[in-house]
Amino acid sequence: MLTVYIDFKSPEAYLALAPTLELANRLSLSIDWKPFRTIERDVPKLGKEETVGESHRRVRAESQRRLAIKYAAHQGIDLTYPPILGSTELALGVLAGLDGDRLAFIRVAFQAYWHDHADLNDDATVQALIEQSGVDHRGGLAEARQLFESEQEQAEEIGIVGAPAYVIADQIFVGREHLPWIEELAQNPD
Amino acid sequence: MHVLRSDAPLIVYVDIKSPYAFVAIRPTLALEAELGLQFDWRPLTLDIPSYLGSAEKKKGQVVKSSGRSQRTWNAIRYSYRDARRYAERQGLILKGTEKIWDSSLPNIGILWVMQTARDKLADYFEAVYPPFWRRELDIEDISVVEACLQQAGIDASGFAAFAAFASGEGRALHDDLQTQFHPNGIYGVPTYVFGDDILFGREHIPYLRWALSGRQGAAPDIAYEIA
């Protein structure tokens with residue numbers, strides 16, 4: 001079993017989906033998908049007078065976007081950042097409360113955020129995604145919001161600091177760059 | 001020296017005090033050897049307090065900290081744990097540093113080695129990086145850096161003048177590079193400059209191998225390669 005924490009607004013989590021599923025399919029590994037709220041920031045605007053720290057944060061954010069777009073293109077994805085990054089908490093709460101296979105919902109939620117720039121914290125939008133994906137979500141949306149907060153708290157308590165985060169053999173890995181080691185652990189858990 | 005230009009096929013920026021650069025050194029040297037190329041290794045001395053706040057530890061306990069939220073601390077702790085487990089896979093020891101070091105001297109040492117003994121660069125990295133991360137080196141002491149150069153079989157006479165504040169050629173080169181990083185899109189280490197690509201992190205090594213060896217097949221995804 002591989003536990004994977006995701007946030008729909010995280011470009012890194014989105015780009016990890018295909019390689020993670022490929023690994024899981026190849027090793028017949030089941031995945032427990034869990035929500036985690038990442039902090040995604042707009043690229044700061046170039047200021048007339050930047051401190052070194054402000055300049056660092058701006059250059060880092062620009063670089064992260066450039067690289068995400070580059071590697072997305074390798075996967076055939078035209079990655080376009082939404083004008084407003086927004087919140088995805090409601091969709092993450094729904095993810096936490098789903099019975100059975102969560103993958104159909106994950107796919108439509110990522111698609112909605114990154115292609116349609118949908119608001120995944122909006123009741124009507126998220127309800128439509130539940131219906132579109134055909135998943136079994138029995139609780140209400142208010143319940144989903146509460147569930148998300150408790151899931152987030154638990155994730156932070158065990159040391160999750162970003163997404164995608166993988167938990168396997170008592171180790172936490174943040175980022176799909178760790179998949180080679182994760183594969184090794186999945187094959188030799190001892 | 002322009003920060004993005006070189007006659008070499010790849011520019012590699014590193015900093016002795018970065019744990020992520022530490023675990024990138026051997027894989028990057030291995031890539032260089034595998035492809036039979038010589039990369040242009042250069043220093044980037046991180047100004048850590050400007051973007052991560054500062055802290056000082058004694059006997060493993062934080063005794064001074066400023067500008068760091070709990071979330072920042074959690075991320076820093078994860079980063080160290082992550083770098084440490086990969087260091088251990090390479091047979092290396094990585095102990096958390098007790099303060100934020102000024103690593104400009106050993107970094108200027110990289111420029112010295114590139115100019116005077118290019119073929120000894122890997123030996124210099126071995127003389128500096130592993131002992132520093134075992135907390136055995138005071139890298140702010142020039143005699144310590146000179147001893148590392150000598151241990152790597154490199155003539156250190158002239159290094160003190162090369163690294164001297166105000167007058168040293170190496171110091172001037174180092175400081176000039178520092179001013180060029182942010183305006184040219186570079187902010188951390190290891191950074192690889194390959195043509196128009198500026199790639200932060202050793203996870204790009206698979207892509208670099210692919211690009212440097214003729215772009216055969218599909219471009220690989222990011223990955224920390226393991227032996």
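Chain A has seven helices and four strands; helices (H or I, at least four residues) and strands (E, at least two) are DSSP runs, numbered from the N terminus. This is a predicted model, in which local features need pLDDT of at least 70, side-chain atom pairs count only at pLDDT 80 or more, and totals for chains, interfaces and linings use all residues. Residues are numbered from 1 along each chain as its sequence is written, while chains are lettered from A and ligands numbered from 1 in the order in which they are written.

**Chain A as a whole**
- Starting at the N terminus, the order of elements in chain A is β-α-β-α-α-α-α-α-β-β-α.
- Chain A has a radius of gyration of 17 Å, close to the 16 Å that the globule rule gives for 190 residues, so it is as compact as a globular protein of that length. The radius is taken over C-alpha atoms, and the globule rule is 2.2 Å times the number of residues to the power 0.38.
- The C-alpha trace of chain A spans about 50 × 45 × 35 Å along its principal axes.

**Where the chains meet**
- On chain A, 24 residues are in contact with 20 residues of chain B (C-beta atoms, placed from the backbone, lie within 7 Å).
- On the side of chain A that touches chain B, α2 (52-74) and α7 (179-187) each supply at least two residues.
- The largest share of that side, twelve residues, comes from α2(A).

**Two helix pairs in chain B**
- Let's look at how helices pack: two packed helices are described by the angle between their axes and the distance between the axes.
- Helix α4 (residues 104-116) and helix α5 (residues 121-133) of chain B have axes that come within 10 Å and cross at roughly 160 degrees. Axes are lines fitted to C-alpha atoms, for helices over the stretch in contact, and angles run from 0 to 180 degrees between N-to-C directions.
- That crossing makes α4(B) roughly antiparallel to α5(B) (angles under 35 degrees count as roughly parallel, over 145 as roughly antiparallel, 65 to 115 as roughly perpendicular and the rest as oblique).
- Residues making this contact include Pro106(B) and Val113(B) of α4(B), with Leu121(B) and Tyr124(B) of α5(B).
- The axes of α4(B) and helix α8 (residues 169-180) of chain B come within 9 Å and cross at roughly 105 degrees, which means that α4(B) is roughly perpendicular to α8(B).
- Among the residues in this second contact are Trp112(B) of α4(B) and His174(B) of α8(B).

**Confidence**
- Chain B averages a pLDDT of 93, and 91% of the residues score at least 70; pLDDT is the predictor's confidence in each residue, from 0 to 100.

Notes:
Two residues are in contact if their C-beta atoms, placed from the backbone, lie within 7 Å.
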